[in-house]
Amino acid sequence: MFKFIENETGIILDESCLHFIVQKDLGIYGDEAYDFILNFSNIFEVDITEFKFNEYFNNEMDGISRFLISFFRKSNKRQLTIEKLRQAIINKKLI
C-alpha cells in the first residue's frame with residue numbers, strides 16, 4: 001500500500017504515517033482524489049460502490065485558496081486516513 005501511495009503522490013510513507021489524512025496530509029483533492037480512489041480500488045480489488053466521495057474530498061483548488069479555507073474555516077469533511085485505506089484492503093470494501 002505504501003508503494004502505491006508513493007507512486008500516486010511521490011510522498012514516501014511508512015507505518016508511522018497511518019494517521020495521515022489523504023486530503024489534508026497528502027494534498028489530494030477533486031479529480032486527483034477521484035483518480036486516486038479509483039486506482040486504489042482497482043489495484044487492491046476494493047469495492048468502492050458505497051464510498052461517499054463528496055463526504056471526504058473537496059473540489060480541486062489552488063494552494064492559496066486551500067490555505068485560506070483551512071485557516072479560516074474548519075472542514076466538515078470526514079477524514080480518510082491511511083489506516084482506513086489499509087482496513088479497506090483487508091475488508092475488500094471502502095465505505
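Visitor: Which helix gives the most to the negative patch?

Guide: Helix H3, residues 30-44, contributes 3 residues, the most of any element. Keep in mind that this is a predicted model.

Visitor: Which residues form that negative surface patch?

Guide: Four of them: Glu8, Asp31, Glu32 and Asp35. Take Asp35 as a case. Asp35 sits in helix H3.

Visitor: Is Asp35 buried, partly exposed or exposed?

Guide: Start with the cut-offs. Buried means under 20% relative accessible area, and exposed means over 50%. Asp35 has 41% relative accessibility, so it counts as partly exposed.

Visitor: Let me step back to the fold. How many helices and strands does the protein have?

Guide: There are 6 helices and 0 strands. Along the sequence, the pattern reads α-α-α-α-α-α.

Visitor: And what percentage of the residues counts as buried?

Guide: Of the 95 residues, 34% are buried.

Visitor: Let us turn to charge pairs. What can side chains of opposite charge do when their charged atoms come close?

Guide: They can pair. In this model the count is 6 salt bridges.

Visitor: Where do Lys3 and Glu6 lie?

Guide: Lys3 and Glu6 both lie in helix H1, 3 residues apart, about one turn of the helix. They form a salt bridge, with the closest N and O atoms 3.8 Å apart. The cut-off for such a pair is within 4 Å.

Visitor: How exposed are Lys3 and Glu6?

Guide: Lys3 counts as exposed, because its relative accessibility is 52%. Glu6 is partly exposed, because its relative accessible area is 26%.

Visitor: Which salt bridge does Lys93 form with an Asp?

Guide: Lys93 pairs with Asp47, and the closest N and O atoms are 3.9 Å apart. Lys93 lies in the segment after H6 and Asp47 in the loop between H3 and H4, so this pair ties together parts that are 46 residues apart in sequence.

Visitor: How far apart are N and O in the salt bridge of Lys93 and Glu50?

Guide: The distance is 2.7 Å, N to O. Glu50 lies in the loop between H3 and H4, and Lys93 in the segment after H6, so the pair ties together parts 43 residues apart in sequence.

Visitor: Are Lys93, Asp47 and Glu50 buried, partly exposed or exposed?

Guide: Lys93 is partly exposed, with a relative accessible area of 31%. Asp47 is partly exposed too, at 29%. Glu50 is partly exposed at 44%.

Visitor: Which residues are linked in a network of salt bridges?

Guide: Glu15, Glu83 and Arg86 are.

Definitions and conventions
Residues numbered from 1 in each chain as written. Predicted model: local features only at pLDDT ≥ 70, side-chain atom pairs only at ≥ 80, totals over all residues. Heavy atoms only, no water. Patch = residues over 30% accessible without salt bridge, like charges linked within 9 Å, V, L, I, M, F, W, Y side chains within 5 Å. Areas by Shrake-Rupley, 256 points an atom, 1.4 Å probe, with all protein chains shown as cover. Salt bridge = Lys/Arg side-chain N within 4 Å of Asp/Glu carboxyl O. Lys, Arg positive; Asp, Glu negative; His and termini not counted. Charge placed at Lys NZ, Arg CZ, Asp CG, Glu CD. Helix = DSSP H or I, 4+ residues; strand = E, 2+ residues; numbered from the N terminus. Buried < 20%, exposed > 50% of the residue type's maximum accessible area, 1.4 Å probe, protein only.
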